[in-house]
Amino acid sequence: MRIQENIPLASFTTFGIGGPALYFIDVANEQDVHDALAFAREKSLPHIVLAGGSNVLIPDDGLRAVVLHIVEGSYTLQDGVLTADFGCNLLSLIRECGAHGFGGWEKLSGIPGTVGGAVRGNAGAFGSEIKDFVVSVSALNSKSGETKDFENNVCDFSYRRSIFKDNPDWIITRVALELHRVDSAESARLTEETIAERERRHLQNVRAAGSFFMNPIAPANIVEMFETEKGVKSRENRVPAGWLIEKAGMKGASVGGAIASFQHPNYIVNQGTATAHDVRNLAQMIKLEVYNQFGVELKEEAALL
Ligand SMILES: Cc1cc2nc3c(=O)[nH]c(=O)nc-3n(C[C@H](O)[C@H](O)[C@H](O)COP(=O)(O)OP(=O)(O)OC[C@H]3O[C@@H](n4cnc5c(N)ncnc54)[C@H](O)[C@@H]3O)c2cc1C
């Protein structure tokens, strides 16, 4: 186990924001996690899990903690069942399984980060969610040291939610996913088409954490306003947070180096000099404005560490 000290974390996040970790340990498998947790206990410090860093905001003064940095692991693919270590990159898995003739999850292409992070937050895009492919999830409880396999039906998956997000003591170490037989060329085409669509919508390659807020469940009058204006049906009475932010006049609002994107108002973007303080203040302003105008409470999708 290689223990590093005072490691700046900004470059490990897509926001490009955040101070140093007091201790920083790369973990690639369950044993590494055990060892890193034992070190944190020995130092009487909390631990923090950092995977692809695409959905986190790290404080400016860093983390007085042991950061378990999840790194690339390995996977097997047998008869359409993919078993992958938590640190496998989601897009690489989609591409590589597609090349072997298994897929069905190409609409998730381009969501940055690891497969473990994706399962924890039930990542989704263009109507597809990772929960639809999960068979089981292996996780380790950081408090008790227990390891357990969770079948899909006990993972409590729903919109950007899982039992693991609700109970952060559990660290996902491996996931099993069932993929469908697909034509390799067609899978590759769908993957690249999805990424191109994301680029067209300015969803890629920005210094952000993706959608900063979850799409909230809104009162009937707001849902009706959305459906009439957009001509689409709301799902689960949710309306897009970006739509509310724009309606509240907060598109393009900024604090310091942080801005609510003009192209995608639910992205808070680091224009180069943003601090975590700027992002938090802007988020607070947006929440207040949306609440005051629509009575809707926005909740962060990004993890504020
Ligand atoms: C440009 C951009 C576009 C995005 N588009 C989408 C999108 O279309 N759809 C979508 O759903 N998301 C999107 N996201 C958000 C993000 O990519 C996903 O939430 C992703 O699944 C996070 O994975 P990660 O490995 O980067 O996790 P991290 O950001 O490292 O971690 C996020 C949280 O999960 C916890 N965590 C990570 N791994 C584990 C684990 N193994 N066990 C327990 N807890 C863990 C961390 O402690 C942290 O609290 C986007 C982000 C960016 C930057």
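Helices, of at least four residues, and strands, of at least two, are DSSP runs numbered from the N terminus. The model is a predicted one. In these terms, Asn122 sits in the loop that joins H3 to E9, and its phi is near 40 degrees, a positive value in a residue other than glycine. Asn122 counts as buried because it has 21 C-beta neighbours inside 10 Å, where the cut-off for a buried residue is 20 or more.

The fold as a whole comes next. The protein chain has 8 helices and 18 strands. Its radius of gyration is 20 Å, close to the 19 Å that the globule rule gives for 305 residues, so the chain is as compact as a globular protein of that length. Along the principal axes, the C-alpha atoms fill a box of roughly 50 × 50 × 30 Å. Of the 305 residues, 43% count as buried. Among contacts between residues at least 6 apart in sequence, 61% join residues at least 24 apart.

The chain is divided into domain 1 (3-70), domain 2 (75-200) and domain 3 (220-304). The centres of domain 2 and domain 3, taken over C-alpha atoms, are separated by 27 Å.

In soluble globular proteins, nonpolar side chains tend to be buried together. In this model the largest nonpolar core has 86 residues, and the members that touch the most others are Leu57, Val67, Leu68, Val115, Ile172, Ile268 and Val279. Helix H8 (residues 276-294) supplies the largest share of this core, 6 residues. Apart from its neighbours within four places in sequence, Leu68 is in contact with Ile25, Val27, Val33, Ala36, His47, Ile48, Val49 and Leu50.

Arg160 is placed in the loop between strand E12 (147-151) and helix H4 (163-166). With 18 other C-beta atoms within 10 Å, Arg160 is partly exposed.

Is Ser142 buried or exposed? Ser142 counts as buried, because 21 C-beta neighbours lie inside 10 Å. Leaving aside neighbours within four places in sequence, the contacts of Ser142 are Leu37, His47, Asp169 and Ile171. His47 is also among the contacts of Leu68. Ser142 and Arg95 are 47 residues apart in sequence, and their C-alpha atoms are 32 Å apart in space.

Asp32 lies in helix H1 (residues 30-42) and is partly exposed, with 19 other C-beta atoms within 10 Å. Beyond four places in sequence, Asp32 is in contact with Met1 and Val27; Val27 is another of the contacts of Leu68. From Asp32 to Gly101, 69 residues apart in sequence, the C-alpha to C-alpha distance is 32 Å.

Ser92, in helix H2 (residues 90-99), counts as partly exposed with 14 C-beta neighbours inside 10 Å. Ser92 and Gly110 are 18 residues apart in sequence and 9.6 Å apart in space, C-alpha to C-alpha.

Gly249 belongs to the loop between helix H7 (241-247) and strand E15 (254-255). Gly249 counts as exposed because it has 11 C-beta neighbours inside 10 Å. Its C-alpha atom is separated by 26 Å from that of Thr14, which is 235 residues away along the chain.

How values were computed. Residues numbered from 1 in each chain as written. Predicted model: local features only at pLDDT ≥ 70, side-chain atom pairs only at ≥ 80, totals over all residues. Core = buried A, V, L, I, M, F, W, Y, C linked by C-beta atoms within 7 Å. Buried ≥ 20, exposed ≤ 12 C-beta atoms within 10 Å, placed from the backbone. Contact = placed C-beta atoms within 7 Å. Rg over C-alpha atoms; globule rule 2.2 N^0.38 Å. Domains from an automatic or database assignment.
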